Amino acid sequence: MSKVNVALVQMSCVADKQQNLNKAIDKVREAANKGAQVVCLQELFTSLYFCDVEDYDNFKLAEAIPGPSTDELSKVAAELGVVIIASLFEKRTQGLYHNTTAVVDADGSYLGKYRKMHIPDDPGFYEKFYFTPGDLGYKVFKTKFATIGVLICWDQWYPEAARITSLMGAEILFYPTAIGWASTQDVDTNTEQYNAWQTIQRSHAVANGIHVVSVNRVGEEAGLKFWGGSFVSNPFGKVMFQGSHHDEEVTVVELDLDKTDHYRTHWPFLRDRRIDSYQQITKRLIDEE
């Protein structure tokens, strides 16, 4: 299909897991009513962003994937005929957890999952305490409406992840996200951080000649103001839609996937890649022979 309607569900969350899941399902229904074919939910949407503290009790939020949440979402996907991208806290086994996104196809079938590869550890974002880095590699999913690539939040800052996922055949890159400002920051710092976040993702769109869809949460949680600002970039970095920094929103954007061929032929970055010269990229730092 050349044209695909993608939905960005930007919402706030509460402490009750089932309440968040029900809210997300309501918003998936809203998106479907607006014509959505692929619906992307934000990172860890079934809970508050618990990584602001290191607390062993938070491991109780995790679940198997596939599991209870994907079972419910599969029923909704089949009923509405939409693809759902669902970011969840995965319990793989006792003592082993991942930050994982499941993909459910429009017939309700579970297509698989991507485990977050890059795990941050910053004040207010203590993800290394909870998450083991992904071991499934980068993934694409052949859905009814498009072949999609899924990366997660901190992955956004790494061009290597976007490049590999694109080279695997992704027609759209989706980034479920949970990122915000410290409540003590000034406006200039907030603006600079948001612009950097959006710019790096728009650069992935340009470098790879594909659409990028980034979905963030809103609301205040434990000293963080999640900045929303969910957006869609076309294959040349043009912002087709940008959400509010404060409000919950369900927005549907039509993407023309034929634009990829146009941009890749007029600006042939993939053609001109010197793959014979990139061996050093696998080094941590090029400081020793």
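Q: How many salt bridges does the count come to?
A: The count comes to 15 salt bridges, where a salt bridge is a side-chain nitrogen of Lys or Arg within 4 Å of a carboxyl oxygen of Asp or Glu. This is a predicted model, in which local features need pLDDT of at least 70 and side-chain atom pairs count only at pLDDT 80 or more, while totals for chains, interfaces and linings use all residues. Residues are numbered from 1 along each chain as its sequence is written, and side-chain values use heavy atoms, with hydrogens and water left out.

Q: What makes E90 and R115 a salt bridge?
A: Their closest N and O atoms are 2.9 Å apart, and the rule asks for a distance within 4 Å. E90 lies in strand β3 (residues 83-93) and R115 in strand β5 (residues 110-115), so the pair ties together parts that are 25 residues apart in sequence. Strands (E, at least two residues) and helices (H or I, at least four) are DSSP runs, numbered from the N terminus. Both E90 and R115 are buried.

Q: What makes R92 and D135 a salt bridge?
A: The closest N and O atoms of R92 and D135 are 2.7 Å apart, to be set against the limit of 4 Å.

Q: Why is R92 called partly exposed?
A: Buried means under 20% relative accessible area, exposed over 50%, and partly exposed in between (1.4 Å probe, protein chains only). R92 has 38% relative accessibility, so it counts as partly exposed. D135, at 45%, is therefore partly exposed as well.

Q: Which residues are linked with E90 in a network of salt bridges?
A: The network links E90, R92, K113, R115 and D135. Side chains of opposite charge can pair when their charged atoms come close.

Q: How do you know that E221 and R217 form a salt bridge?
A: Their closest N and O atoms are 3.0 Å apart, and the cut-off is 4 Å. E221 has a relative accessibility of 8% and therefore counts as buried. R217 has a relative accessible area of 0%, so R217 is buried too.

Q: Why are α3 and α4 called oblique to each other?
A: The axes of helix α3 (residues 159-167) and helix α4 (residues 187-208) come within 10 Å and cross at roughly 40 degrees. Axes are lines fitted to C-alpha atoms, for helices over the stretch in contact, and angles run from 0 to 180 degrees between N-to-C directions. Angles under 35 degrees count as roughly parallel, over 145 as roughly antiparallel, 65 to 115 as roughly perpendicular and the rest as oblique. The pair α3 and α4 is therefore oblique.

Q: Why are α1 and α2 called roughly parallel?
A: Helix α1 (residues 17-33) and helix α2 (residues 68-80) pack at about 15 degrees, with axes 11 Å apart. The limit for roughly parallel is under 35 degrees, so α1 and α2 are given that name.

Q: Why is S166 called buried?
A: S166, in helix α3, has a relative accessible area of 6%. The cut-off for buried is under 20%, so S166 is buried.

Q: What is said of the phi of C153 and of A222?
A: C153 has a positive phi of about 40 degrees although it is not a glycine, and phi of A222 is near 50 degrees, again positive in a residue other than glycine. Most residues other than glycine have a negative phi, and most peptide bonds are trans.

Q: Is C153 buried or exposed?
A: C153 is found in the loop between β7 (147-150) and α3. Its relative accessible area is 6%, so C153 is buried.

Q: Why is A222 called exposed?
A: A222 has 63% relative accessibility and exposed means over 50%, so A222 counts as exposed. A222 is found in the loop between β11 (218-221) and β12.

Q: Which peptide bond is cis?
A: The bond from I65 to P66 is cis, with omega near 0 degrees. P66 is found in the loop between β2 (38-41) and α2.
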